[in-house]
Amino acid sequence: MKARTRLVLAAFGALLRLYPPAFRETFADEMGQVLSRVLSDAESSGHWWRTGARELGGAAGCLVVEHLHLCRKEILMNTSSSTWWGAVGLGLAVVISRLPVDARWQSSLALYLLAGAFAGWSLSQINPRGAHRLIRVMAGVAAFMAGYLVHALRDLSLASSVEVTPILTLALLLGEPLTIAITAAALIGLLDRDGAQIGRLVLNGAVGAVGGSLIGLLVAFAAWGGIQAVDSYRPGFDGALSSWVQVGGHVLIGIIFPGVAGLMAGARLGRTEGRWRQMHAA
Amino acid sequence: MPALAENELPLTEATYFILLSLADEPRHGYAILKDVEALSQARIVFSTGTLYGALKRLLDTGWIERLDDTALPGSEPGPGRPRKAYALTQLGRRVLAAEVARLRTLVKAARRRLIQEAT
């Protein structure tokens with residue numbers, strides 16, 4: 001066997017180790033045998049380089065496809081409607097907290113309370129039992145209250161005489177949704193410390209939560225008059241870097257962070273529900 | 001034709017040729033690879049990875065089954081683990097027949113129209 005063939009076989013073997021375990025256990029031996037014969041044919045036919053490249057490319061492509069198939073199968077098999085609704089609800093809650101409100105702090109507080117209750121209700125959908133349900137509602141409210149605290153601090157900083165640089169603006173804008181996301185994940189994590197199949201659950205949560213957040217964003221802007229919200233940027237927009245940073249920050253907190261927050265929480269929702277269902281199945 | 005088989009149509013070209021390759025007898029992975037290349041006149045050349053990805057999908061759907069080749073007629077047990085061969089199941093055969101019928105209808109319609117235009 002030539003050195004280049006051994007090299008391709010070694011690279012192929014390394015790629016095989018990255019395949020999902022079930023696939024690897026079933027097919028790895030056979031695939032190795034078939035590849036050896038294919039490469040040996042290619043040595044005699046003179047198409048060795050083309051064959052080698054096709055085989056390695058095919059193995060890499062199939063690796064991705066197999067993982068995607070596995071994830072899709074897991075999601076379809078293990079996700080019930082309450083997980084989806086929980087994730088969508090949390091996404092919507094983050095969006096509600098981002099709705100434009102006037103300067104009166106009461107309106108902001110009311111909005112955050114509403115979002116927190118909505119998030120808590122979403123969490124409670126997973127395991128609708130008495131005390132447990134109440135704890136989850138409280139967890140949702142607490143996460144959003146932490147977000148409100150950062151929101152209030154941000155307003156305070158912006159109102160003071162501190163010079164607002166683009167970086168500071170971005171940091172102030174990102175602080176609030178990050179706080180909500182991290183607090184929500186930590187609180188939900190406290191309710192469920194069982195750590196299994198995290199990858200599946202993150203993906204599980206990601207699909208539902210990002211989708212939910214985007215839908216929520218559309219609903220929220222439609223309800224509040226998206227045109228006014230966009231118009232409010234126009235008069236002061238001068239094309240300077242700081243203006244772009246401000247608009248970019250609003251896009252981030254309006255779209256991306258609700259998705260991330262929902263993702264983290266959705267992952268937890270999936271995990272909690274998986275454990276609950278296992279318990280009941282047992 | 002059972003509705004179950006027709007619901008799976010149309011097949012991808014790769015799936016069609018794999019099923020066709022197994023229509024006459026069970027084959028090993030390498031034999032399928034070569035047979036598909038020949039049947040498709042080299043239009044479909046699988047890499048090992050894509051072939052086994054497709055085989056796995058067909059096993060999952062129950063259109064093909066995996067056999068020890070010691071169970072095949074004319075094979076002799078060798079040293080080590082038995083090699084595996086793939087065979088069409090009844091369901092796979094029905095799906096293939098439904099796809100062939102579908103293709104036949106398409107060709108018939110095209111022929112009718114092209115003959116009409118020529119006359």
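# Where chains A and B meet

Let's start at the interface: chain A and chain B share eight residue pairs in polar contact, with both residues at pLDDT 80 or more. (A polar contact is a pair of N or O atoms within 3.5 Å; within protein, one must be able to donate a hydrogen and the other to accept it, and residues adjacent in sequence count only if both atoms are side-chain atoms.) On the chain A side, the helices α2 (21–45) and α3 (48–78) each supply at least two of the residues that touch chain B. Helices here are DSSP runs of H or I with at least four residues, strands are E runs of at least two, and both are numbered from the N terminus. The largest share of that touching side of chain A, 12 residues, comes from α2(A). Sorted by type, the residues on this side of chain A are 11 nonpolar, four polar and eight charged. (Ala, Val, Leu, Ile, Met, Phe, Trp, Tyr, Cys and Pro count as nonpolar, Asp, Glu, Lys and Arg as charged, and the others, Gly among them, as polar.)

A quick word on the ground rules. This is a predicted model, in which local features need pLDDT of at least 70 and side-chain atom pairs count only at pLDDT 80 or more, while totals for chains, interfaces and linings use all residues. Residues are numbered from 1 along each chain as its sequence is written, chains are lettered from A and ligands numbered from 1 in the order in which they are written, and side-chain values use heavy atoms, with hydrogens and water left out.

How many residues of each chain are in contact across the interface? Chain A brings 23 residues and chain B brings 21, where contact means heavy atoms within 4.5 Å. Together the two chains bury about 1,800 Å², and 56% of that sits on carbon and sulfur atoms. Phe27(A), Glu30(A) and Val34(A) supply 28% of the area that chain A buries against chain B, more than any other three residues. (Buried area is the accessible area, with a 1.4 Å probe, that two parts lose on being put together, summed over both.)

Now for the charged pairs. Side chains of opposite charge can pair when their charged atoms come close. The cut-off for a salt bridge is a side-chain nitrogen of Lys or Arg within 4 Å of a carboxyl oxygen of Asp or Glu. Over all chains that gives 11 salt bridges, and the count between chain A and chain B is three. In one of them, Glu30(A) pairs with Arg66(B) at 2.3 Å, N to O. Another links Asp41(A) to Lys34(B), at 3.7 Å from N to O. Asp41(A) sits in helix α2 of chain A and Lys34(B) in helix α3 (residues 29–39) of chain B, so this pair joins two chains. Buried or exposed? Asp41(A) is partly exposed at 27% relative accessible area, and Lys34(B) is also partly exposed, at 35%. (Buried means under 20% relative accessible area, exposed over 50%, and partly exposed in between, with a 1.4 Å probe and protein chains only.)

Next, chain B itself. Chain B has five helices and two strands, and from the N terminus on they run α-α-α-α-β-β-α. Of its 119 residues, 39% are buried. Among the contacts in chain B between residues at least 6 apart in sequence, 60% join residues at least 24 apart.

Asp24(B) is exposed at 58% relative accessibility, Glu25(B) is partly exposed at 40%, and Arg27(B) is buried at 15%. Salt bridges with shared partners tie Asp24(B), Glu25(B), Arg27(B) and Asp35(B) into one network.

Ser21(B), in helix α2 (residues 13–21) of chain B, is buried at 1% relative accessibility. Leaving out residues up to four places away in sequence, Ser21(B) touches Arg27(B), Ile32(B), Asp35(B), Val36(B) and Leu39(B).

Gln41(B) is exposed at 70% relative accessible area, whereas Ala42(B) is partly exposed at 46%.
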